[in-house]
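Biologist: Could we go through this model together? I would like to take the loops, the helix packing and the sheet in turn.

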Amino acid sequence: MLNRLEDSHGRKINYLRISVTDRCNQRCKYCMPESGIGKLNHMEILRNEEIISFVKVAAEQGIDKIRITGGEPLVKKGILDLISGIKKIDGIKEIGLTTNGQLLKEFAFDLKSAGINRINVSLDSLNPEKYRYMTRGGVLAKVLNGITKATEAGLTPIKVNTVLIGGFNDNEINDFMTFAKKNNIIWRLIELMPIGEVSNWSNMNYIDGATLLNNHPELTNITKSSLEKDKTFYNKNLDISIKLINSLTGKFCESCNRIRLTSDGKLKPCLHSNIEYDIKPFLNDLDKMTEFYKEIIIKKPKEHKLDSDDFTPINRNMNKIGG
Ligand code: SAM
Ligand code: SF4
């Protein structure tokens, strides 16, 4: 009988995001240092079998939805075996993957066969030069070809996630909406969050997505409830809906159902907190791991402090968390 583990605030925790590597084939300016990252000691990185053992424990405690992220998950050795291993675990109903799309063309069909249900592609500009600038070397055409291939592979509906960066892509809203309509994708605009080194960026880079979208006359906010994490806007000219995730100006802690595992084996109950727990000492004793997991869930913080005056940004860059 599957447990539906709740934290001490009555939230059922059923969603696990796994950062399978902190390495990446891009260096997005808001996510990673230009010099890249020091190679983590081999011993520190969870092996695929260890990740699978942990997911078994978590699934017994109510995790049924998984997102594979990174760094870039498609540079992780054995990524397809890892996905198919997770897919076989009792209780796992859905596996999504978030990718920068650089290798998606090569992987699309294999990801589908391995068991990926949903795919999110990160794309912050539709201008090849701007894309290359923000990713420090990424090739826009590869992402677009990857999206086409993923559509052919049936990894649909594809979501494209765009981090909203003031002074960089806030003038591309119309282009992205046209792109979404043409390619039949779900487009989501996500507010930039002060995490790791990007927390030093200027205030002008951090903008309020709802104010921006409300200034587009063709858009109507059709979000049903203020508690919804995604705000929905309808474009009457194109007859499509787009999503806004106001991760900076909104607060969804009350309905947070997620927990994160990093590639070096740390469980993070809250994205915006430095609190993390090392699972590695328990990998050889899954009964102890189960007890440890339950304790961590109970201790999940009630809410983040992003909106408070004494908020201190967390140390890890996003490539070491996964988004
Ligand atoms: N490499 C993959 C990719 O780019 O899709 C997966 C890992 S990446 C860390 C996951 C997501 O986090 C990406 O959509 C990225 O744009 C987003 N991200 C990174 N840093 C962010 C920040 N400071 N605020 C908001 N989103 C961020
Ligand atoms: Fe790599 Fe994704 Fe971070 Fe960009 S956002 S540096 S693609 S991990």
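Biologist: Where is Pro157 found?

Modeller: Pro157 is found in the loop between helix 5 and strand 5 (159–164). Helices here are DSSP runs of H or I with at least four residues, strands are runs of E with at least two, and both are numbered from the N terminus. Please note that this is a predicted model, in which local features need pLDDT of at least 70, side-chain atom pairs count only at pLDDT 80 or more, and totals for chains, interfaces and linings use all residues. Residues are numbered from 1 along each chain as its sequence is written, chains are lettered from A and ligands numbered from 1 in the order in which they are written, and side-chain values use heavy atoms, with hydrogens and water left out.

Biologist: Is the peptide bond from Thr156 to Pro157 cis or trans?

Modeller: That bond is cis, and its omega is near 0°. The bond from Gly70 to Gly71 is also cis, with omega near 25°. Gly71 sits in the loop between strand 2 and helix 2.

Biologist: What surrounds ligand 2?

Modeller: Gly71 is one of the residues around ligand 2, together with Cys24, Gln26, Cys28, Cys31, Met32 and Asn100; a residue is near a molecule if one of its heavy atoms lies within 4 Å of it. The shell has 4 nonpolar, 3 polar and no charged residues. In this scheme Ala, Val, Leu, Ile, Met, Phe, Trp, Tyr, Cys and Pro count as nonpolar, Asp, Glu, Lys and Arg as charged, and the others, Gly among them, as polar.

Biologist: Turning to the helices, at what angle do helix 1 and helix 2 pack?

Modeller: Helix 1 (residues 48–60) and helix 2 (residues 79–87) pack at about 20°, and their axes are 10 Å apart. Axes are lines fitted to C-alpha atoms, for helices over the stretch in contact, and angles run from 0 to 180 degrees between N-to-C directions. The two helices are therefore roughly parallel, a label for angles under 35 degrees, with over 145 being roughly antiparallel, 65 to 115 roughly perpendicular and the rest oblique.

Biologist: Which residues make the contact?

Modeller: Helix 1 contributes Asn48, Ile51, Ile52 and Val55, and helix 2 contributes Leu82, Gly85 and Ile86, where contact means heavy atoms within 4.5 Å. By class, this contact has 5 nonpolar, 2 polar and no charged residues.

Biologist: And how do helix 2 and helix 3 cross?

Modeller: Their axes come within 9 Å and cross at roughly 25°, so helix 2 and helix 3 are roughly parallel to each other. Ile79, Leu80, Ile83, Ser84 and Lys87 of helix 2 meet Phe107, Asp110, Leu111 and Ala114 of helix 3. That contact has 6 nonpolar, 1 polar and 2 charged residues.

Biologist: What is the strand order in the sheet?

Modeller: The open sheet of 12 strands runs 7-8-9-6-5-4-3-2-1-10-11-12, with mixed pairing. Strand 7 (219–221) and strand 12 (277–278) are the edge strands, each pairing on one side only. Two strands pair if DSSP finds at least two bridges between them.

Biologist: In which sense do strand 1 and strand 10 pair?

Modeller: Strand 1 (residues 15–19) and strand 10 (residues 258–261) pair in the parallel sense over 4 bridges. Tyr15 has Arg258 in strand 10 as its bridge partner.

Biologist: Which strands does helix 2 lie across?

Modeller: Helix 2 lies across strand 1, strand 2 (65–69) and strand 3 (94–99), and runs at about 155° to strand 3.
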